[in-house]
Amino acid sequence: MAPFHDLPADQQAVLQLVLRQGRSYDEIAGLLKISPAAVRERALTALDAIGPADSGDLSASEQDDIGDYLLGQQGAAARASTRELLEDSAAGRAWARGVAGELRAGDVASDESLPEIPADEAEIEEAFGALEARHRAREEQARSSRVGGGLLLGALGLAVAGIIVLIISLAGGDDGDKQASSTTPTATSTAQGAVTQAQINLLPPDGGRSPLGVATIVEQDGKRAIAVAGQDLKASGHYVLWLRSPKKTTFMGFFPPVTGKGDAKGKLQGLVGAPSDLGSYTEMLITREPGDAPKKPTTVVLRGDIKL
């Protein structure tokens, strides 16, 4: 395994442009006056050099796809396909983690500039297996009525990847209910040590009553995850979760596309591992983006305050 600083200068430059400046292969090609294919070859050759020497049963094309994924050079469909590969391939995860570790060690990448490398099923079950036994998928039972000037919460079953099922609440109300946009602090033991730390009610930034959503923060054995569900959203393939503080905004990932038909019409759901510095963020955003490579939030459809 060759350290980053032992790479040829041209390969170091390409990785720095990608990971530090967020450039695409096409943009770098324009800067260097070479083809995008040549830029990609330099980038992937560099990752191959710093990655684990033994890639197991990982094919060359699969390794290249994972390299593009780590460098943020894939569209939404390719990114989803590579995530599935990483979920299914122990060799793929090992290679990706090895490369990511060398990029961090070389100070060319940080946790914020690298995408999540998904855990395998055993790792997920170890952290959140208790939730699966306790909570099962339910049909949406959204109710809206007033209780002492407050809100009656409806239950929405959220199933993620056929492994974890969380029961969370959707909050709704009138424009004057400002407290509905805050975090609901909890310390509820959901099952066998799994703890629901907080529920963050997500409302439109203009104070409207639709769409609505909620984020549930769950912790077990020192690991935290953020489960998000929403309803009454416009059909779109580019909904994005962001975390924001006064100093930074972090891209957390795309949601599965929201459909405009059938029982799933207007519904949004997803689950992602929480960053270790979650407490440093003050706001959670869900945006609808025009493309599959957003650099910053554009159209905010839901937001909520994070108070841990």
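The model is predicted, and the mean pLDDT of the protein chain is 77. A score of at least 70 is reached by 75% of the residues. Over residues 129-192 the pLDDT stays under 50. Where pLDDT is low, predicted coordinates should not be read in detail.

Two pairs of packed helices were examined. The packing of two helices is described by the angle between their axes and by the distance between those axes. Helix H2 (residues 25-32) packs with helix H3 (residues 36-50) at an angle of about 110°, and the axes are 8 Å apart. Angles of 65 to 115 degrees count as roughly perpendicular, and H2 and H3 are therefore roughly perpendicular to each other. On the H2 side, the contact is made by Tyr25, Asp26, Ile28, Ala29 and Leu32; H3 contributes Pro36, Val39, Arg40, Arg42, Ala43 and Leu44. Eight of the residues in the contact of H2 with H3 are nonpolar and three are charged, with no polar residue.

In the second pair, the axes of helix H5 (residues 76-88) and helix H6 (residues 90-105) come within 5 Å and cross at roughly 105°. H5 and H6 are therefore also roughly perpendicular to each other. Leu86, Glu87 and Asp88 of H5 meet Ala90, Gly92, Arg93 and Ala96 of H6 in this contact. The residues of the contact of H5 with H6 comprise three nonpolar, one polar and three charged.

Attention then turned to Lys295, which is located in the loop between S10 and strand S11 (299-305). Lys295 has a relative accessible area of 64%; exposed residues are those over 50%, so Lys295 is classed as exposed. When neighbours within four places in sequence are left aside, Lys295 is in contact with Gly22 and Trp242. A polar atom of the Lys295 side chain lies 2.7 Å from the backbone oxygen of Gly22. Thr250 is 45 residues from Lys295 in sequence, and the C-alpha atoms of Lys295 and Thr250 are 9.7 Å apart in space.

Definitions and conventions:
Residues numbered from 1 in each chain as written. Predicted model: local features only at pLDDT ≥ 70, side-chain atom pairs only at ≥ 80, totals over all residues. Heavy atoms only, no water. Axes fitted to C-alpha atoms, helices over the stretch in contact; angles between N-to-C directions. Helix = DSSP H or I, 4+ residues; strand = E, 2+ residues; numbered from the N terminus. Parallel < 35°, antiparallel > 145°, perpendicular 65-115°, else oblique. Contact = heavy atoms within 4.5 Å. Nonpolar A, V, L, I, M, F, W, Y, C, P; charged D, E, K, R; others polar. pLDDT = per-residue confidence, 0-100. Buried < 20%, exposed > 50% of the residue type's maximum accessible area, 1.4 Å probe, protein only. Polar contact = N/O pair within 3.5 Å; in protein donor to acceptor, adjacent residues only side chain to side chain.
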